[in-house]
Amino acid sequence: MKIAMIGLGKMGGNMAQRLIRGGHDVIGYARSEASIAAAEAFGAEGAHSLEEIAAKLPAPRIAWVMVPSGDPTEQTVRALAELFSAGDIVIDGGNSNYKDSMRRGAMLAEKGIGFADVGTSGGVWGLAEGYSMMIGGEKETVEHLRPLFETLAPAVDLGWGHVGPVGAGHFVKMVHNGIEYGIMQAYAEGFELMGQKTDFGLDLHQISEVWRYGSVVRSWLLDLTAAALAENPNLDGIAAYVPDSGEGRWTVMESIELSVPIPVITLALQQRFRSRQDAPFGAKLLSAMRNQFGGHAIKKTD
């Protein structure tokens, strides 16, 4: 099967390599000429415009979009809608909002163009280990793309699935990432608590390795935690600043719309917000209030 990979960042480039290794022909396109050259070096056919992609792909044309969510994805999908014909297929493998995917799918459907929203997990390890893919789209579209999913997944019958109609793939990936926030926060808090129990002199890396085997809290995230602690036991040089890429926020907003309580995920998101504040105003105000009602001492800044 021949496919265009639009966006050759770390994940898009790795996915292109895995497809090539699986016997598929890949046309690689990115704004960066260096990225295109790198793709050509591992066996992809380079393209320097979306128009060139449309001309090179055989019918039915398939383009996998792996660009940042939001406007970059919007502009790319709209451009492909003008270049592609009925029967062609556009795949969005990024972290788009599922509502945007539903809208884009409907827009493409009006032109007879198929669409699949593929929530993709695997990060930098996907090239070697395979990707977990949560797929939304029409059954016929997904079945046509099956050889690609079977190649990208950890095994032909593991790690991927058609979860529902257009939008469902990105919805499930959104919740997946919200759960990820909660798990990560729980590990972070537990290891911090153990690290503060100084009279025991706990070796956090040793404990992470113990937990990796037989424990009910073992996971791939714990494996990665153990690797991080092995490399840098005290996490020297790492700022306590945790970004969020959007999926956690969308998950929390969805919980409000559906009136479904998700306190752990919500608090994990809030903790990321707090990590970015050097001197939170709210904490200062708490100190000021204690001073006002009880005369408690205030710690002054330098």
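Eight strands form an open sheet in the order β3-β2-β1-β4-β5-β6-β7-β8, with mixed pairing. Strands β3 (45–47) and β8 (160–164) are at the edges with a single partner strand each, so one side of each has no neighbour in the sheet. From one strand to the next, the twist averages 25°. Strands (E, at least two residues) and helices (H or I, at least four) are DSSP runs numbered from the N terminus, and two strands pair if DSSP finds at least two bridges between them.

The model is predicted: local features need pLDDT of at least 70, side-chain atom pairs count only at pLDDT 80 or more, and totals for chains, interfaces and linings use all residues. Residues are numbered from 1 along each chain as its sequence is written, and side-chain values use heavy atoms, without hydrogens and water.

Strands β6 (residues 114–121) and β7 (residues 132–137) run antiparallel and are joined by six bridges. A116 has G137 in β7 as its bridge partner.

| Helix | Strands touched | Angle |
|---|---|---|
| α8 | β5 (89–92), β6, β7, β8 | about 15° with β6 |

Contact means heavy atoms within 4.5 Å; angles run from 0 to 180 degrees between N-to-C directions, with axes fitted to C-alpha atoms, for helices over the stretch in contact.

Helix α8 (residues 168–196) contains K173. Leaving out residues up to four places away in sequence, K173 touches N95, G119, T120, S121 and M134. K173 is buried but has no salt bridge, and E247, the nearest side chain of opposite charge, is 5.0 Å away. Buried means under 20% relative accessible area (1.4 Å probe, protein chains only). A salt bridge needs a side-chain nitrogen of Lys or Arg within 4 Å of a carboxyl oxygen of Asp or Glu; Lys and Arg count as positive, Asp and Glu as negative, and His and the chain ends are not counted.

Notes:
Buried means under 20% relative accessible area, exposed over 50%, partly exposed in between (1.4 Å probe, protein chains only).
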